[in-house]
Amino acid sequence: MRIAVLKERAAGESRVAITPETVKKFIGLGASVAVEGGAGLGAAITDDALREAGAELGSAAATIKDADIVLGVQAPDIASLAGAKPGAWVAATFDPFRNAALVDAYAKAGFEALSMEFMPRITRAQSMDVLSSQSNLAGYKAVLAAANEYGRAFPMMMTAAGTVQAAKCFVMGVGVAGLQAIATAKRLGAQVSATDVRSATREQIQSLGAKPIFVENVAGIEGEGSGGYATEMSEEYQKAQAELVSGHIAKQDIVITTALIPGRPAPRLISDAQIASMKPGSVIFDLAVAQGGNVEGSAADQVVEKHGVKIVGYSNTAGHLAADASALFARNLFNFLSAFWDKEAGKPVLDEEIGNAVRLTQGGKVVNERLAAQ
Ligand code: NAD
């Protein structure tokens, strides 16, 4: 079983899908590991470190040759897979709802695309879930980036020269990223409030010592929502949410938005008029900027200034913590493949529940139910 890892080629991608730790672990399972030279450098992993762990380092062509399984952070394009075994597996993120052409190309080329974003939200798959591992780091980095743009301090400080007021921070969307954003802003000393459409998050917000701000007059999503995910809300709910946010946001210094809906553009949570109601010098970090943005006027990898408010958002927030993000991503991939490793066959054999959820293409066809339902 030959596992290959190419250097990521997407613009701005600094992460890598393997680390010396997971090289050793894959070899421990009986696989061989080939890595393209320089693949780890963006995540502070040298070729020597990978080689010492037992990987074979080489050119892209030598690495991919006869690969049974290719690991990636972002799915490689078809051309770079030339030389891999027919029917090889490619485990990576595919952004499948927005990348139909890439998914079709994988089907046509006969590869088996395994989309890590489609990992089901079940207990035994938690350690394989790249969305969670990357969102957690992104939520942390969002608060640090906002703090960096903010011309004031986060904690209250009582000094001989007078008192510095604590920053007020509002987190919109309390999934994995939002929970980490709340925890990080609290640790920095801000007064934190948060909102979500899923009622289960109210207690989670309170347990982190933050204040829940919820639409009360229109029902949101009961409990966790389907598979832990939100859906698009009714017009009535959106109106009630906009009124609630308008009242609250004008008093905030920092707003972190993290709201996502799988397979849909990110919901619009903050309008230009609402930005205009905020105090000059306030900062908004839009974690959803790459999925269409929660904030009117946000632009990826730019600091946009509107009405004296800075709006920030990265196209790849986890990539700003490439070393930790890669370590967790690589472990997610190892946990996934090793859980299904069949010792006798010397290769992973997926079960239906997880295999069918993540598999996009097989035998020349697109086979995924979630894609078919789109
Ligand atoms: P996500 O990234 O899809 O969305 C981020 C948050 O935005 C969610 O909390 C969502 O409810 C919220 N949101 C969507 N539309 C909104 C709107 N209009 N206004 C305000 N908020 C809105 O979500 P996520 O971080 O991936 O996680 C969602 C849930 O799934 C969490 O409860 C998490 O604990 C759970 N989860 C479970 C597992 C598992 O069991 N294996 C793994 C990961 C996450």
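How many nonpolar, polar and charged residues does the shell around the ligand have? In this predicted model, the shell comprises 10 nonpolar, 7 polar and 5 charged residues. The ligand is surrounded by 22 residues, of which the closest are Arg121, Val176, Asp196, Arg198 and Glu224.

A polar backbone atom of Val176 lies 2.7 Å from an oxygen atom of the ligand. The side chain of Arg198 places an N or O atom 2.7 Å from an oxygen atom of the ligand. A ligand nitrogen atom is found 3.4 Å from a polar backbone atom of Ile122. The ligand taken alone exposes 840 Å², and the protein buries 89% of that area.

In soluble globular proteins, nonpolar side chains tend to be buried together. The largest nonpolar core here has 39 residues, and the members that touch the most others are Ile18, Phe26, Val35, Leu71 and Phe336. At least two residues of this core come from each of strand S1 (2–5), helix H1 (20–28), strand S2 (32–36), strand S4 (69–74), strand S5 (89–93), helix H10 (322–339) and helix H11 (352–358). Helix H10 gives the most, with 6 residues.

Beyond its neighbours within four places in sequence, Ile18 is in contact with Val5, Val23, Phe26, Val33, Val35, Ile45, Leu50, Leu71 and Ala330. Apart from this core lies another, of 28 residues, which includes Ala167, Ile205, Leu287 and Tyr314.

## Arg2 in strand S1

Arg2 is found in strand S1. Arg2 counts as buried because its relative accessibility is 15%, under the 20% cut-off. The side chain of Arg2 makes a polar contact of 3.3 Å with the side chain of Glu56. A polar atom of the Arg2 side chain also lies 2.8 Å from the backbone oxygen of Lys65.

Not counting residues up to four places away in sequence, Arg2 touches Ser32, Ala34, Glu56, Ala62, Thr63, Lys65, Asp66, Ala67, Asp68 and Ile69.

Val255 is found in strand S12 (residues 254–257) and is buried, with a relative accessible area of 0%. The C-alpha atoms of Val255 and Phe170 are 4.8 Å apart in space, although the two residues are 85 residues apart in sequence. Neighbours within four places in sequence left aside, Val255 is in contact with Phe170, Met172, Ile249, Ile270, Met278, Val283, Ile284 and Phe285.

Thr258 is placed in the loop between S12 and helix H9 (272–276). A relative accessible area of 11% makes Thr258 buried. Its side chain reaches the backbone oxygen of Gly173 at 2.7 Å. Thr258 touches Met172, Gly173, Val174, Ala177, Gly178, Leu287 and Asn294, with residues up to four places away in sequence not counted. Between Thr258 and Phe285, 27 residues apart in sequence, the C-alpha distance is 8.7 Å.

Is Gln241, a residue with 12% relative accessibility, buried or exposed? Gln241 counts as buried because 12% relative accessibility falls under the 20% cut-off. Gln241 has its place in helix H8 (residues 235–249). Leaving aside neighbours within four places in sequence, Gln241 is in contact with Val197, Val215 and Leu269.

## Loop residues with positive phi

Most residues other than glycine have a negative phi. Ala44 has a positive phi, near 65°, and is found in the loop between S2 and helix H2 (47–52). Ala44 is exposed because its relative accessible area is 67%, over the 50% cut-off.

His307 likewise has a positive phi, of about 55°, although it is not a glycine. His307 lies in the loop between strand S14 (304–306) and strand S15 (309–312). With a relative accessible area of 43%, His307 is partly exposed.

How values were computed
Residues numbered from 1 in each chain as written. Predicted model: local features only at pLDDT ≥ 70, side-chain atom pairs only at ≥ 80, totals over all residues. Heavy atoms only, no water. Helix = DSSP H or I, 4+ residues; strand = E, 2+ residues; numbered from the N terminus. Buried < 20%, exposed > 50% of the residue type's maximum accessible area, 1.4 Å probe, protein only. Contact = heavy atoms within 4.5 Å. Near = heavy atom within 4 Å. Polar contact = N/O pair within 3.5 Å; in protein donor to acceptor, adjacent residues only side chain to side chain. Areas by Shrake-Rupley, 256 points an atom, 1.4 Å probe, with all protein chains shown as cover. Nonpolar A, V, L, I, M, F, W, Y, C, P; charged D, E, K, R; others polar. Core = buried A, V, L, I, M, F, W, Y, C linked by side-chain atoms within 4.5 Å.
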